[in-house]
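Subject: Structure handover

Hello,

Here is the structure I promised to pass on. Please open it next to this email and follow along.

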Amino acid sequence: MTTLISWLTYDQRGPASLYVASDSRLSWGQQAYWDSGRKIYYSGKHALILGFCGEAMFCSQVMSQIVAYIDSCDVFEKTIASTSRFDLVYNLIKRSFGKYPVAFALDSFKIIYATRESPRNFHSYVIKWAKNKPKNQNWSYEKLSLPLKTGLVESLGSGATSYKNHYQKLYSTSDISGLSRSFYSSLSTYIETNEDPLTGGAIQLAGLFNVGSAKAHGVIKGEQRYIYGMEIDPHDNINNVRWVNERFENCDGNSIQRKPDAQIQPLPKAIRNPLGNST
């Protein structure tokens, strides 16, 4: 399935950013997997991020369709309230699933919906579908409570519980506990443990800030560059997006090195990677 997480950050004035991140593994039971599957989608015009765990065929299709519709047809231009925008997306998802061959679907899936209504006013929802519930109760949603300081908003998917345990064991008592980079770094080291066989590949990441649309992020894993699960090569315009490494340091997408003016983000010596080497 997936490990899908979201966290909210604060600065001195209040909420500052909302991130959604996941791994990149699509699995066919225990038989095979592919570590280049996209799970995070975002609007290039609005403050909207979608991410999923579960039924990959349906979720990946409907999320890309919804983002294309919203951005191409200016659907949100006259719909300002976050509740109205959420209702629109929720109803589109339910309608699209109406003719889906449910017999071939997984038992359940969840979609996280992250948005910003105005500066420092972030919202997050989880849309849920479950096959084993009565027909008129298959669908539900929950508006998530946001933390009052920098912290995890939600953890979903097959790796949800073990990710939280990993964070609790290695990061919760460390010097970076509760910092934004701790949630990203812990996802990186958690994926490397292979504790959840349905979680793997590079991290995918998108962010919302206090102004502008959702922002794409590139991820450096080892010596490779990834955009939403896809490995890419150096390019003249590669730094049109923000690039981060395993420590959540800002990097140059071509050199894959930390930018000279970027803040160094060391990890405590007590945090070790799955091979037992200090990270």
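Below are the ground rules, then the chain as a whole, then some of its parts.

This is a predicted model, in which local features need pLDDT of at least 70, side-chain atom pairs count only at pLDDT 80 or more, and totals for chains, interfaces and linings use all residues. Residues are numbered from 1 along each chain as its sequence is written, and side-chain values use heavy atoms, with hydrogens and water left out.

**The whole chain**

The protein chain has four helices and 16 strands. Both are DSSP runs numbered from the N terminus: helices are H or I with at least four residues, strands are E with at least two. The radius of gyration is 18 Å, close to the 19 Å from the globule rule for 279 residues, so the chain is as compact as a globular protein of that length. That radius is taken over C-alpha atoms, and the rule is 2.2 Å times the number of residues to the power 0.38. Along the principal axes, the C-alpha atoms fill a box of roughly 50 × 45 × 40 Å.

Buried residues make up 51% of the 279. Buried means under 20% relative accessible area, exposed over 50%, and partly exposed in between (1.4 Å probe, protein chains only). Take the contacts (heavy atoms within 4.5 Å) between residues at least 6 apart in sequence: 58% of them join residues at least 24 apart.

Five strands form an open sheet, in the order β5-β6-β7-β8-β9, with antiparallel pairing. Strands β5 and β9 (139–143) stand at the edges with a single partner each, so one side of each has no neighbour in the sheet. From one strand to the next, the twist averages 20 degrees. Two strands count as paired if DSSP finds at least two bridges between them. β5 and β6 have three, in the antiparallel sense. Tyr42 stands opposite Ile49 in β6.

Helix α1 packs on this sheet and touches β5, β6 and β7; its direction makes about 170 degrees with that of β6. Axes here are lines fitted to C-alpha atoms, for helices over the stretch in contact, and angles run from 0 to 180 degrees between N-to-C directions.

The 18 residues of α1 (56–73) should span 26 Å at 1.5 Å a residue, and the end C-alpha atoms are 25 Å apart, which agrees. The expected span is 1.5 Å times one less than the number of residues. Buried residues of α1 include Phe58, Met63 and Ile70. Their cover includes α2 (82–97) as well as β5, β6 and β7. Just after the helix, Asp74 takes a positive phi of about 50 degrees.

**Strand β11**

Five of the five residues of β11 (204–208) are buried, so the strand is largely enclosed by the rest of the structure. Both faces are covered: Gln204, Ala206 and Leu208 lie on one side, Leu205 and Gly207 on the other. Strand β2 (14–22) pairs with β11 in the antiparallel sense over five bridges. Leu18 has Leu208 as its bridge partner. β11 also forms a hairpin with β12, with six residues between them, and Gly212 in the turn has a positive phi of about 85 degrees.

**Lys39**

Is Lys39 buried or exposed? Lys39 is buried, with a relative accessible area of 0%. The residue lies in the loop between β4 (32–34) and β5. Its contacts beyond four places in sequence include Met1, Asp23, Met63 and Gln204.

Best wishes
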